[in-house]
Amino acid sequence: MALTDEAIVKIKGMITSGELGPGDRLPKEADLAARLGLSRNSLREAVKALTLVNVLDVRHGDGTYVTSLDSAHLLDALSFMVDLHRDDSILQFFEVRRLLEPGVAALAASRITPEKITELRLLCSDLAADAGVEELVANDLQFHRGIAEATGNQVVCSLLDGVSGATQRARIWRGVTQAGAVERTLSEHAAILDAIESADAEAARAWMTAHIAGVETWLRKAP
């Protein structure tokens, strides 16, 4: 494993130094192993590891390439990690959301377009009072994603996509066990959106904090 780690560090060094850039093809395996002073097996394992985190792309019959290194592409690996989370770590993901999303809402207040406001208003109106839990969760995810998109920051979108995946089950639990979940969610979403539309960053921050903290508080008390 130590040799594989060394190989990963050396390939990473080639990328961070600019020797290899996005879309570049790596030298042939034998040549690269000799150049880096590695065994071909260690190099092969390093390539596998870097492929899993979307740094490298192995094209069979063609070669191994550096990916676009686009932030959204690289952060896809976060979703993989999140999918493996244990139920007892769910609160940690909510803590991350509570740290991130109020700031995202505040930023959206200064950047959102009228078109995006209209889109989010329609999204809120699409949810019927008798909507099922799955519809509520899907609508909620789309709403939060829309606010992240309004910032124009793709890193933010990718981070929140990953973290929100871990909280989806908790949202379903809340919808099943608490009455009035649809009404409460719509009311909180409307308040957040009103603040964003008014370009009131601090109000948007406060409403988003309350919205996420409400679910987190329920989770902490849940059996």
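## Crossing of H1 and H3

A crossing counts as right-handed if the near helix is turned clockwise from the far one by less than a right angle. In this predicted model, H1 passes H3 in such a right-handed crossing. Helix H1 covers residues 2-16 and helix H3 covers residues 40-52. Their axes lie 8 Å apart and meet at an angle of about 65°.

On the H1 side, the contact uses Leu3, Thr4, Ala7, Ile8 and Ile11. H3 answers with Ser42, Leu43, Glu45, Ala46, Val47, Ala49 and Leu50. By class, nine of the residues in the contact of H1 with H3 are nonpolar, two are polar and one is charged.

## Pairing of H7 and H8

Helix H7 spans residues 114-125, and helix H8 spans residues 133-150. Their axes come within 10 Å and cross at roughly 170°. Angles over 145 degrees count as roughly antiparallel, so H7 is roughly antiparallel to H8.

H7 contributes Lys116, Leu120, Leu123 and Cys124 to the contact. From H8 come Asn139, Gln142, Phe143, Gly146, Ile147, Glu149 and Ala150. The contact of H7 with H8 holds six nonpolar, three polar and two charged residues.

## Aromatic rings

Which residue lies over the face of Tyr65? It is Arg59, at 3.9 Å from the ring centre. As for aromatic pairs, a search of the whole structure finds zero.

How values were computed:
Residues numbered from 1 in each chain as written. Predicted model: local features only at pLDDT ≥ 70, side-chain atom pairs only at ≥ 80, totals over all residues. Heavy atoms only, no water. Axes fitted to C-alpha atoms, helices over the stretch in contact; angles between N-to-C directions. Helix = DSSP H or I, 4+ residues; strand = E, 2+ residues; numbered from the N terminus. Parallel < 35°, antiparallel > 145°, perpendicular 65-115°, else oblique. Contact = heavy atoms within 4.5 Å. Nonpolar A, V, L, I, M, F, W, Y, C, P; charged D, E, K, R; others polar. Phe/Tyr/Trp six-rings, centres within 6.5 Å; stacked < 30°, edge-to-face > 60°. Lys NZ or Arg CZ within 6 Å of the ring centre and 35° of its normal.
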